[in-house]
Amino acid sequence: MINNKKVKKPLALDAIIQDTQKINFNMTSENDVGALLRTLAATKNNGCSFLELGTGTGMSTSWILDGMSNTDTLITMDNDQTLLDIANKYLGHDERLTLVCEDGDEFIQRIYKEQKKFDFIFADTWSGKYQLLAQTLDMLNIGGLYIIDDMKEQENWPEGHELKVKELLEVLNSRIDLSVINMDWSCGVLPCTKIDKGS
C-alpha cells in the first residue's frame, strides 16, 4: 500500500493535534482520510456548498478547507463547544467557514426544513449517518459527494455496533440514487456520489 505519511498537511493541523491531545480527545481522524477528503473537496469549486457533521476539534475540517476553492463555503457542526473552541482558534479566521454548536439531529432537521442543499457532505457523527440519513441525503445535490468513514471494525466500538454498520452499508448500497464504493482502506471509507435516478 502507498504510504501517505509524507503527504503535505494543512498548515493548522499540527497545532490542532497538540491542543486536541491536551484535552485527551481521542476520536480523531486519520491523515489518510484527511488527504482523501482534501482530494475529493478539490473536485468541487466555483461556489460549492460543503457540510461536515461532527467537527470535533477541526482536524478533518482543516483538510476539507485545504481542498476547497476560495468561492466555496463550509458549514461544520458539533454539539461540544470545548471541541469547537479549538477548531475556531485555528480555523475561525477563514471566511469560508461557519462553525455551529448544536445537537446533530436538531441541526439536520432545522436545515432540512430550510431546504439547504450541499455538493459535499462528510458525516463523521451519528447524525446524518446512523440517524436522519434519508434527510441528509435529500440535501445532497445531484453529482454531490457523501462520505463516511469508520466502517472497519475498531476496538472502541460499543457492543452491537457492527450490526448498525452492516445495516447502514446495506441501506446505502441499495439506494438507486447513489453510486457507492466500499473501500477496505484506512479506517474504512465509503464515498458515494448522488446520481440522477432517471439516468
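Q: Predicted, ok; what pLDDT do local features need?
A: Local features need pLDDT of at least 70 and side-chain atom pairs count only at pLDDT 80 or more, while totals for chains, interfaces and linings use all residues. Residues are numbered from 1 along each chain as its sequence is written, and side-chain values use heavy atoms, with hydrogens and water left out.

Q: How many helices and strands are there?
A: The protein has 7 helices and 7 strands, where helices (H or I, at least four residues) and strands (E, at least two) are DSSP runs numbered from the N terminus. Along the sequence they follow the pattern α-α-β-α-β-α-β-α-β-α-β-α-β-β.

Q: What radius of gyration does the protein have?
A: The value is 16 Å, which agrees with the figure near 16 Å that a compact globule of 199 residues would have; the radius is taken over C-alpha atoms, and the globule rule is 2.2 Å times the number of residues to the power 0.38.

Q: What percentage of the residues count as buried?
A: Of the 199 residues, 48% count as buried, meaning under 20% relative accessible area, with exposed being over 50% and partly exposed in between (1.4 Å probe, protein chains only).

Q: Switching to helix 4, which of its residues are buried?
A: In helix 4 (residues 81-91) the buried residues are L83, L84, I86, A87, Y90 and L91. Seen down the axis of helix 4, these fall within an arc of 155°, so they line one face of the helix; the arc is that of the directions from the helix axis to the C-beta atoms.

Q: And what do they pack against?
A: The buried residues of helix 4 pack against helix 1 (13-22), helix 3 (59-67), strand 2 (73-78) and strand 3 (97-101), with contact meaning heavy atoms within 4.5 Å.

Q: Which residues are buried in helix 1, then?
A: L13, I16, D19 and T20 are the buried residues of helix 1. Seen down the axis of helix 1, they fall within an arc of 130°, so they line one face, whereas the face turned away from that buried side carries the exposed residues Q21 and K22. The buried residues of helix 1 pack against helix 2 (31-41), helix 3 and helix 4.
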